[in-house]
Amino acid sequence: MAKKKTTIESKFLPKKVTILSYQRESADSFTIKVDFAVKHEPGQFVQVTLPGIGEAPISICSYSDKFMELNIREVGDLTKNLAKLKVGDKLFIRGPYGKGYPMKDLKGNNVIIIGGGCGVAPLRGIIDYIEQNRADYGDVKLFLGFRTPGDILFQEKIKGWGKNFDVRISVDKLPADSCFAGPVGFVTNMVKNEQIDNKNKVVFVCGPPIMMDVVIKILKEKWFNDDQIFISAERLMHCALGLCGHCMIHGKYTCLDGPVFRWDELKECKND
Amino acid sequence: MTNFTLSKVDLNAFIKSLSKNFDVYAPVKDHVVDGGSVRFKVVSDAKVICLSENAYYPLKELFFRKKEVLFKYSEKGLEVPVKKVKSKAILGIRRCDLHSLANQDRIYMREVPDPYYIAEREKTLLIGYHCKKAEEYCFCGSIDLQGNADIMLYELPGNKFLVEVHSDNALRLVESLKKIFKKTDIVIDAESRKIEGSNRLQKKDVHSFYDNPGWQEGIDKCLSCAACNFHCPSCYCFNIHDEANVHNMKEGERIRTWAGCQLKSFTRVAGEHIFRDTRKDRFRHRIYHQLQYFKERYGTTLCSGCGRCIRFCPTKIDFIDILNRM
């Protein structure tokens, strides 16, 4: 019997997109805007490909169904090669994937956003979302921490946020040749020193694992309930479809069940 | 359904007849190529089939390929290759491997339909073989085995098989071969469906063992080689990476290959952070995925009790022993 030919409709095949703008944010990070027009939730991510280099999950830092913005830190092969691209260059994207922040279910709440370093990127999507749906949410407070003043992301955007929201920024270190008017120290200290109660509030946290652990401990001391806290987890992902296994946290797939988790869904997972 | 008998002398005629429509695979003990190990291979003669030993290499390699080209890239763009596959008939699949295949089917055909897997798996005829006695490392009796073959063969006295038929297609096939399949009234009772000596795992519910000091015993001997993953008929994790054509670096393939959660790189993200950094984290994760996570999500254990992960472990870490002592 002859071999049967099967045409494969692959879920791994990304779409070609064009870079519309390129903004350098800091010495090791940049933001690109691409013409990838899909509906998505804030907090979801896409898989970005450069053929021959590879593929990596990148969180979406905008909220629009007409374009997509990605903030990328140069830490690996793919991201270092992405940094070399220019406006008009092509790359490949598939997605969006994962569960984002359940913004619709959280209408009517006051919002606290706590971000550290490149963890601010997925949180930026929430702010875009709230700006487009301002009447649905109460007060918005942002605590953002960066390593040094030179590492502060989205500087132009943040100036605009300051007009509508309560924005606090801290830097971990203040090198001799830099100037910064805000507090020096970890973002966790700002949260700790702030008088906040848990009344009608939800908290969105994203940052390095150690920072998120400390923030959650502080929030628990301030009597926040587990179901008021949402974190965005980072793991290695290859497929983003719930197959490849790399992103599994204690039986949950970060790419399907996350990357945004309500803290009560993840707290038993013992950082596995 | 009616049962049949098949004389072992007629096995060859059965294979010849199957070969008209299928690539017929069966376990073969090959001293020349595989150093005496048993592996599912295409056969044309019943003489080479080895039913007395479980296959060393898992059946999954016929469907969930060790290397799968997801797409090709070049300056022209991306292109998914057309897959050319011949239908397979696989003879001599033990209960453990049927369970694993059912798990892989669940993942790759139903939960997240994967066209690459489905193309390989479609129209496959499964012919199971009931082994009577457990081998040294088997513990399938402790597992609630799932999965069915189209045809199931049981040993009968007098150099014969009892043939149970479980699908309409298989029944048509068996009835068309009247010369070799004889109708019979013999039925297999519940006792004969058990596999003797295979009930080694007493502690199947691992969820309270997370912080148990007992894990240390396995970890002390683990080399992080992932032989357990690659011999496992159920493990379904994979890596994706690009392979450039060395003669023209502008073109190449994006490929999917088997992955092993016991390797340190399995959870390494850019910036060199490794989420399961210690052998303890990785060993425990494997056992939890096999016995708890998969069951919580899909209702059956991922583990089939075949014991290959112990048999092919270079330091023979017997996780059954370790769990039983917890």
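This is a predicted model: local features need pLDDT of at least 70, side-chain atom pairs count only at pLDDT 80 or more; totals for chains, interfaces and linings use all residues.
**Entry 1: a strand pair across the chains**

I began with β1(A), which pairs with strand β6 (residues 83-85) of chain B in the antiparallel sense over three bridges. Two strands count as paired if DSSP finds at least two bridges between them. Strands here are DSSP runs (E, at least two residues), numbered from the N terminus.

Residues are numbered from 1 along each chain as its sequence is written, chains are lettered from A and ligands numbered from 1 in the order in which they are written, and side-chain values use heavy atoms, with hydrogens and water left out.

**Entry 2: the interface of chains A and B**

I looked up how many residues each chain brings to the contact: 43 from chain A and 52 from chain B. Contact means heavy atoms within 4.5 Å. The area buried between the two chains is about 4,200 Å², and carbon and sulfur atoms give 62% of it. Buried area is the accessible area (1.4 Å probe) that two parts lose on being put together, summed over both.

I found two salt bridges between chain A and chain B, a salt bridge being a side-chain nitrogen of Lys or Arg within 4 Å of a carboxyl oxygen of Asp or Glu. Asp257(A) forms one with Arg297(B), where the closest N and O atoms are 2.9 Å apart.

I also checked which strands of chain A supply the side that touches chain B. β1 (4-6), β4 (45-50), β5 (54-59) and β14 (252-253) each supply at least two residues. The largest share, three residues, comes from β1(A).

**Entry 3: β3 of chain A**

I turned to strand β3 (residues 29-34) of chain A. Five of its six residues are buried, so the strand is largely enclosed by the rest of the structure. Buried means under 20% relative accessible area (1.4 Å probe, protein chains only).

I looked for the partners of β3(A). Strand β2 (residues 15-26) of chain A runs antiparallel to β3(A) and is joined to it by six bridges; a hairpin connects the two through two residues. Ser26(A) has Ser29(A) as its bridge partner in β3(A). Strand β6 (residues 68-73) of chain A also pairs with β3(A), in the antiparallel sense over six bridges. There I recorded Asn71(A) in β6(A) as the bridge partner of Thr31(A).

Key
Helices (H or I, at least four residues) and strands (E, at least two) are DSSP runs, numbered from the N terminus. Buried means under 20% relative accessible area, exposed over 50%, partly exposed in between (1.4 Å probe, protein chains only).
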